[in-house]
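Morning, everyone. Please have the sequence and the model open while I talk.

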Amino acid sequence: MMATNVLTKAELRYIHKLMRTPCDASNKEGPGFHIDGGGKANALLLQLATQTRLTFEAQFDEFCMSFPLQLNEDEFHNLRLQLAPPTIYERGPTMRTWRLQLEQPLPLLEEDGEESPLSVHELSPDSLVVDTSHKRRAPRHFHLQLALPGEGSLQINARRISEARDGMAAYEVEFPEGRDAERVRSFLYAQHQKLHPELQPELPDDLVN
């Protein structure tokens with residue numbers, strides 16, 4: 001059984017500080033920090049990083065956040081641990097990926113930027129709930145673009161996994177372009193913070209600004 005880790009406000013504040021700090025244009029590295037546990041400990045960390053997926057887990061009463069970690073070594077053998085936007089899970093009898101219910105559905109776009117007949121009503125890092133309308137059957141597969149609010153569009157490949165009577169269908173999605181999956185997780189993380197302010201630490205003004 002997975003143990004529950006209780007984070008202090010200081011630890012939560014530090015995570016939020018890392019995730020809120022914008023990357024410098026000349027340095028595309030994500031938020032993170034340098035570590036030095038000595039030669040043996042550093043070698044062990046590097047070995048683990050090459051053989052398995054490293055994550056940082058933050059657990060709450062109803063949610064679990066899994067932050068992917070990437071370990072990099074520079075030419076001077078200094079280690080930097082980078083923190084990526086998390087995947088958020090809902091805890092319960094079965095842990096499942098948290099899905100954002102969109103107040104304003106997001107249209108799926110054709111290659112030329114025109115709106116398709118499909119629109120996204122719920123979004124998670126690996127799935128969509130799509131309104132296919134009652135006038136047509138939900139396609140088994142589609143390759144379209146999703147425009148997140150305030151950002152450019154990103155390409156998605158989708159495969160239908162279930163279909164409902166009200167014109168809705170659930171799709172499993174993949175993101176063929178590099179860091180698009182991370183962009184989706186970052187968007188969901190920001191929306192989760194707005195919907196659940198009780199999980200957020202009180203941040204000083206200079207950190208928020």
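Predicted model: local features only at pLDDT ≥ 70, side-chain atom pairs only at ≥ 80, totals over all residues.

Let's start with strand 4, residues 79-83. Is it buried or exposed? Of its 5 residues, 5 are buried, so the rest of the structure largely encloses this strand. Now look at the side chains. Leu-79, Leu-81 and Leu-83 point one way. Arg-80 and Gln-82 point the other way. All of them are buried, on both sides of the strand.

Next, the partners. Which strands pair with strand 4? Take strand 1, residues 32-35. Strand 1 runs antiparallel to strand 4, and 4 bridges link the two. Find Phe-33: its bridge partner in strand 4 is Leu-81.

Then there is strand 3, residues 63-73. Strand 3 is also antiparallel to strand 4, with 5 bridges between them. Here, look for Leu-69, which stands opposite Leu-83 of strand 4. Strands 3 and 4 make a hairpin, with 5 residues between them. Stop at His-77 in that turn.

Now to the surface. Where is negative charge gathered? There is a patch made of Glu-110, Glu-111, Asp-112, Glu-114 and Glu-115. Glu-115 belongs to strand 8, residues 115-123. The relative accessible area of Glu-115 is 59%. The cut-off for exposed is over 50%, so Glu-115 counts as exposed.

To recap: strand 4 has 5 of 5 residues buried, while Glu-115 in the negative patch is exposed.

How values were computed. Residues numbered from 1 in each chain as written. Heavy atoms only, no water. Buried < 20%, exposed > 50% of the residue type's maximum accessible area, 1.4 Å probe, protein only. Helix = DSSP H or I, 4+ residues; strand = E, 2+ residues; numbered from the N terminus. Pairing = 2+ DSSP bridges. Patch = residues over 30% accessible without salt bridge, like charges linked within 9 Å, V, L, I, M, F, W, Y side chains within 5 Å. Areas by Shrake-Rupley, 256 points an atom, 1.4 Å probe, with all protein chains shown as cover. Salt bridge = Lys/Arg side-chain N within 4 Å of Asp/Glu carboxyl O. Lys, Arg positive; Asp, Glu negative; His and termini not counted. Charge placed at Lys NZ, Arg CZ, Asp CG, Glu CD.
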